[in-house]
Amino acid sequence: MIALHILEQRLLAHLRNGPEFPREWCAQGRVDSDVGLSIYANAYHSRLREALESDHPQLAAYLGDTLWSEFCTGYIGAHPSRVRSLRHFGVQVPAWLTQHMPFAEHAAIAELAEFERCLLDVFDAADGGRIAWSALQALDPDAWPGVRLGFHPSVRLLPTQTNAVEIWRTLKEAQPPPAAGPSATPARLLWRDAERVSRFRPVDAAEHIALRAVFSQQEDFATLCEQLARVMPAAEVPATAVGFLRQWFDEGIMSQLHVASDRAPAPRIS
Amino acid sequence: MIERDGIARVSTPEARASGVRPWHGYGLGLRTEHFDAVLDEHPAVDWFEIISENFMVAGGKPRHYLDQVRSRYPLAMHGVSLSIGSTDPLDLHYLRELKQLARHVEPIWISDHLCWTGNGGINSHDLLPLPYTGEAIAHVVARLQQVQEFLGREILVENVSTYVGFANAEMDEAAFLGEIARRSGCRILLDVNNIYVSSRNHGFDADAYVAALPAEKIWQIHLAGHSDYGDYVIDTHDHPVCDEVWALYARTLARIGAVTTMIERDDHIPPLAELLAELDHARRIGDAVAPSTLAVCA
């Protein structure tokens, strides 16, 4: 008598790691038990590999067949799926790539994987409202310093140290990728627009600061301006900050607008 | 049955209560490749089946299209993660999400597979075979009863294709499935292709399999394709339905009467028109062999 839980343990171990399931536990049917077990084992590995390829098509193209295969074998062995949906099977791919040679030697590889995971998150992130610029304009100017903003749930801010996104873009267009190198900008902004199309663009150092301030959800517009003042002349801050806001509203990525009632009026920004 | 607009229909809740097999006609598996065609062309499909897990996401295109299709067609929810035969604890988080999705979709029914998918917290993402033992029946029935109580409805359970059998089997698959349906109250989603695949792999009589099942429990049929390697057959769902499966489908309907049917294609997804042609073929067989006397459920 083979207890059900033992049978399941041994069969799953067999699928993952090779001969673990006693042949005498198999009934002899038309199909030899070795063949039957190998059908399940092959399906186990190929399904996980297909999930990685589906989520990371440009990473696969960048690595080439040999390194991609080495990566899949290593990742699938190190991270058996503990998630319900294959959509999340590769969630630890970027971290794994930073920890294992030869991938860890090239920062662009993990960053390329991180960018592809961000795109997945943008695709099926929660829906949310989109606030028009006119809503901010309608506020009493004295209220602006205390305004706290919130992005649409699909918005992601990806810090970039390499040109991985440029590599991704050229591979996507079936062009030869550029040599790996440093990023021209400190981050990329990704979001899903009102037509449910995923978009991304580079952000410069000043906008990166402003975006991080909004993402923190702790800082109001006045604090955002104070942080910008550390990297640019104070006289340029108001126009720069308002310019960022205008762009974000026009891009349709603002979902929340809170007006603090307990903050003292601050200098008008116009 | 209720009368509405002079047309006889089966009310699903009443049918559930009375145990009468409802009739929903001929459906297709809803696939992302066909989202726009379904909405633009409004094809003559009675209902669509969704993979439940594909829509357990926060938002974006999947949920948008789900709502659009739902506003035009009845939907059935077909899951792959229940893992009803696993000896791991039931995944209550999954069940909560399933119930939440069902509340949103209001499906004609919810189905999953008679299998296990993981053990020890590790998910194989495959539909793995159970040993046909009394122990496994007791285990599955107890879990089905928990699931059905949680969801507030009976579910449909589908036979899977298998490539190994177990030496400790105390009965054949049909007896195993039938006993689980009788004791748990679940219905059967009969995958005719899976019967064919397993009958080839294990050498049993596919018609005898159908004959051994409690006919009144069979509420839905899946039709699909497979890959034939000569010595064995793999259930790949990436080919058209083959002649042998069509023939088994016809004999099944002749034996048990009209059953709500759908074409299930999971890979190498062809243009929608190709699947509609396959569905018409199923409809022609159904009309010829076992015409339903009922209008499709509203």
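Me: Which share of the contacts in chain A with a separation of 6 or more comes from residues 24 or more positions apart?

Reply: Start with the term: two residues are in contact if their C-beta atoms, placed from the backbone, lie within 7 Å. In chain A, residues 24 or more positions apart account for 62% of the contacts with a separation of 6 or more. Keep in mind that this is a predicted model, where local features need pLDDT of at least 70 and side-chain atom pairs count only at pLDDT 80 or more, while totals for chains, interfaces and linings use all residues. Residues are numbered from 1 along each chain as its sequence is written, and chains are lettered from A and ligands numbered from 1 in the order in which they are written.

Me: How many helices and strands does chain A have?

Reply: Helices (H or I, at least four residues) and strands (E, at least two) are DSSP runs, numbered from the N terminus. For chain A that gives ten helices and six strands.

Me: Is A:Y62 buried or exposed?

Reply: Count other C-beta atoms, placed from the backbone, within 10 Å of the residue's own: 20 or more is buried, 12 or fewer exposed, and in between partly exposed. A:Y62 is buried because its count is 22. You'll find A:Y62 in helix 3 (residues 57-78) of chain A, where it touches A:L112, A:I167, A:L171 and A:P177, leaving aside residues up to four places away in sequence. A:P176 is 114 residues from A:Y62 along the chain, yet their C-alpha atoms are separated by 9.5 Å. Over the whole of chain A, 34% of the 270 residues are buried.

Me: And where does A:A194 lie?

Reply: In the loop between strand 4 (187-192) and strand 5 (198-203) of chain A. A:A194 is exposed because 10 other C-beta atoms are within 10 Å. Not counting residues up to four places away, A:A194 touches A:R130 and A:G252.

Me: Over to chain B: which strands close into a barrel?

Reply: Strands of a sheet pair through backbone hydrogen bonds, either parallel or antiparallel. Here, two strands pair if DSSP finds at least two bridges between them. In chain B, eight strands close in the order 3-4-5-6-9-11-12-15, with parallel pairing. Take strand 3 (residues 26-29) and strand 4 (residues 47-51) of chain B, which pair over three bridges; B:G27 stands opposite B:W47.

Me: How many residues of chain B are in contact with chain A?

Reply: 40 residues of chain B are in contact with 40 residues of chain A. On the chain B side, the elements giving two or more residues include helix 5 (134-151) and helix 7 (192-202), and strand 8 of chain B gives the largest share, six residues. Strand pairing spans the two chains too: two bridges join strand 1 (residues 26-27) of chain A to strand 10 of chain B, running antiparallel. There, A:C26 stands opposite B:F166.
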